[in-house]
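I opened my notebook to jot down a few things I wanted to look up here.

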Amino acid sequence: IGTNSNPPATPSSVLGAGPNGGTCARIENSRNISIVGLRMQSCVGDAIEIVDSERIQIHGNDLIKALQNGVRIDNSRHIDLTGNHILRMGDVGVVTAGSSFVQVEANRIRTSRFGVITEGDAIDVINNEIRNNISGGVEVTATTSKISRNWVIGNGGFQIRESIPAPTGG
């Protein structure tokens with residue numbers, strides 16, 4: 001893990017339960033942080049959780065077998081998730097909630113319950129391999145999302161599903 005004043009961590013491994021309810025890495029109320037080249041395996045909660053943060057980069061990591069999500073992004077903005085291998089999550093490979101300006105690009109997201117679930121604004125899912133997830137591939141509930149050039153194949157339930165709620169009258 002690095003900040004703009006410190007270089008990113010060298011490749012390393014994080015195994016098992018972390019101190020944050022089983023989450024291996026939690027970034028909260030932070031900015032300008034990078035997680036690069038780590039292997040996180042057998043996390044009891046999420047592999048990586050980003051909460052109320054901005055300008056976070058998650059690049060080139062191997063996230064393998066967490067009981068919950070691979071990467072969970074809550075109420076955060078300007079998040080770049082690129083070149084990661086996300087495999088065998090108990091729930092979702094990548095999930096965004098209440099977030100904006102999130103780029104999910106060139107990741108391999110496989111054999112989880114769901115591949116990607118987006119909720120928020122300006123969530124881009126581009127050039128990913130999303131395959132063999134048990135219940136579904138990509139569910140889009142984010143507004144102004146861009147879903148482009150992904151290889152979405154072999155997922156159970158659905159490949160890509162849009163479920164943006166209709167506007168309410170007022």
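Predicted model: local features only at pLDDT ≥ 70, side-chain atom pairs only at ≥ 80, totals over all residues.

I looked up its partners: Cys24 is joined to Cys43, with the sulfurs 2.0 Å apart. I then read off the angle about the S-S bond, which is -110 degrees, so I put the link of Cys24 and Cys43 down as left-handed.

Next I wanted to know which parts the pair ties together. Cys24 sits in the loop between strand E2 (12-15) and strand E3 (25-28), while Cys43 belongs to strand E5 (residues 38-43). The link therefore ties together parts that lie 19 residues apart in sequence.

Are the two cysteines buried or exposed? I noted a relative accessible area of 11% for Cys24, so Cys24 is buried. For Cys43 I got 2%, so Cys43 is buried as well.

Then I turned to Ser53. I found Ser53 in the loop between strand E6 (48-51) and strand E7 (54-59). Its relative accessibility is 3%, and because buried means under 20%, I count Ser53 as buried.

What does the side chain of Ser53 reach? I found the backbone nitrogen of Ser30 at 3.1 Å from the side chain of Ser53. I also noted the backbone nitrogen of Asn29, 3.3 Å from a polar atom of that Ser53 side chain.

Last, I listed the contacts of Ser53, leaving aside neighbours within four places in sequence. I wrote down Ile27, Glu28, Asn29 and Ser30, and also Asn75, Ser76, Arg77 and Ile79.

Notes
Residues numbered from 1 in each chain as written. Heavy atoms only, no water. Helix = DSSP H or I, 4+ residues; strand = E, 2+ residues; numbered from the N terminus. Buried < 20%, exposed > 50% of the residue type's maximum accessible area, 1.4 Å probe, protein only. Polar contact = N/O pair within 3.5 Å; in protein donor to acceptor, adjacent residues only side chain to side chain. Contact = heavy atoms within 4.5 Å. Disulfide = S-S within 2.5 Å.
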